[in-house]
Number of protein chains: 2
Amino acid sequence: MIENSSQTKKFQKELNAGTSSLILLSVLSRSGEAMYGYQIAKLLGQNGPDFPMMKQGALYPVLRSLEENGLLESLVEPSVSGPPRRYYKITKEGQVALEEWLDIWKQTKKFVDSILKG
Amino acid sequence: MIENSSQTKKFQKELNAGTSSLILLSVLSRSGEAMYGYQIAKLLGQNGPDFPMMKQGALYPVLRSLEENGLLESLVEPSVSGPPRRYYKITKEGQVALEEWLDIWKQTKKFVDSILKG
C-alpha cells in the first residue's frame, strides 16, 4: 500500500509538472496585467481549494522557470503593506507558447480519453 | 522561435510522462491477457496515429518502469516468427493504482479546464 501510494504521488507530480505551467500562462494571459504570486494563488484557490498543485509555495518555482525560459517577465515593486512584490507578466513568446500548449492539452485529453474508454 | 519550440517539446514531454503510464495500465487492465510491446503499440495506433507518445520505442521504458514499481509483471516467451517476446500483465497493485490515477486524471482535467475557461 505504501508502494502504491508513492507511485500515485509520482503520477500526480508528473501530471502537475505540465499542467501547472499551462495554468499560469493562461491566468496571466487573461488577466491583462502583471500579477504577483499570492494574487495568482488566491485566484486559483477560487476554482478548487483541494487541488494540491495550487499550494502557494508550489507556484513560485514554476513562475521562476517560466521567466528563465522567456515566457514570463517580472518586475519587483514596493508594497504598502509588507515586503516588495514580484509581479509577473506574460511575454510575446509566452503567448505563442500558450497557443501551442492549449492545442497539445486538447489533443492529449482527447487521445487519453479515447484509450481509457476503449 | 527555436526557444519556444523547445519549451513546447518540454511541455509535451511532461504531459506524456504521466499520461503514458495511465494509458498502459488502462490498456493492460482491459485486455484481460498479457500483451507484448508491439501489440500494445498497434492498439494505441488505432486510436490516433499522430500522437507522439505512441511511438513504439517510447513504450518500452514506461513498461519497464511500471514493472520495476510492481504495477506490471512480465514473462518472456518464445515467438514462432522471431526473437522471444516479453509479455506484460497488470498486477493487483497496478489495478489499485489505476483506480487512483483515473480519479486524479479526472480531477486534473476538471481543474485545468475550469481555469482555462476563466
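Predicted model: local features only at pLDDT ≥ 70, side-chain atom pairs only at ≥ 80, totals over all residues.

Mentor: Let's start just after α4(B), where Gly118(B) takes a positive phi of about 80 degrees. In chain A, α4(A) is followed by Gly118(A), and its phi is positive too, near 85 degrees. Helices here are DSSP runs of H or I with at least four residues, strands are runs of E with at least two, and both are numbered from the N terminus.

Trainee: What pLDDT does chain A average?

Mentor: Chain A averages 89, and 88% of its residues score at least 70. That score is the predictor's confidence in each residue, from 0 to 100. For the complex, the predictor gives an ipTM of 0.89 and a pTM of 0.89.

Trainee: Okay, how many helices and strands does chain A have?

Mentor: Four helices and three strands. Along the sequence, the pattern reads α-β-α-α-β-β-α.

Trainee: In what order do the three strands sit in the sheet of chain A?

Mentor: The order is β1-β3-β2, in an open sheet with antiparallel pairing. That puts β1 (35–36) and β2 (72–79) of chain A at the edges with a single partner strand each, so one side of each has no neighbour in the sheet. Strands count as paired if DSSP finds at least two bridges between them.

Trainee: What holds paired strands together, in general?

Mentor: Strands of a sheet pair through backbone hydrogen bonds, either parallel or antiparallel.

Trainee: And how many bridges do β2(A) and β3(A) pair over?

Mentor: Seven, in the antiparallel sense. These two strands form a hairpin with two residues between them. To find the pairing on screen, look for Leu72(A) opposite Ile90(A) in β3(A). On the other flank, two bridges join β1(A) to β3 (residues 82–90) of chain A, and Met35(A) stands opposite Tyr88(A) there.

Trainee: What about the sheet in chain B?

Mentor: Chain B has an open antiparallel sheet in the order β1-β3-β2. Two bridges join β1(B) to β3 (residues 85–90) of chain B, with Met35(B) opposite Tyr88(B).

Trainee: How many residues does the contact take from each chain?

Mentor: It takes 38 from chain A and 38 from chain B. Residues are in contact if their C-beta atoms, placed from the backbone, lie within 7 Å. On the side of chain A that touches chain B, the elements giving two or more residues are α1 (2–31), α2 (37–47) and α4 (92–117). The most come from α1(A), with 17 residues.

Trainee: How do the residues on that side of chain A divide?

Mentor: Into 17 nonpolar, 15 polar and six charged. Ala, Val, Leu, Ile, Met, Phe, Trp, Tyr, Cys and Pro count as nonpolar, Asp, Glu, Lys and Arg as charged, and the others, Gly among them, as polar.

Trainee: How far does α4(A) reach?

Mentor: From first C-alpha to last, its 26 residues reach 38 Å, close to the 38 Å expected at 1.5 Å a residue. The expected span is 1.5 Å times one less than the number of residues. Buried residues of α4(A) include Trp101(A), Trp105(A) and Val112(A).

Trainee: Why is Val112(A) called buried?

Mentor: Because Val112(A) has 24 other C-beta atoms within 10 Å. The cut-off for buried is 20 or more within 10 Å of a residue's own C-beta, 12 or fewer is exposed, and in between is partly exposed, with C-beta atoms placed from the backbone. Leaving out residues up to four places away in sequence, Val112(A) touches Thr19(B), Leu22(B) and Ile23(B).

Terms used. Residues numbered from 1 in each chain as written. Chains lettered and ligands numbered in written order. Contact = placed C-beta atoms within 7 Å.
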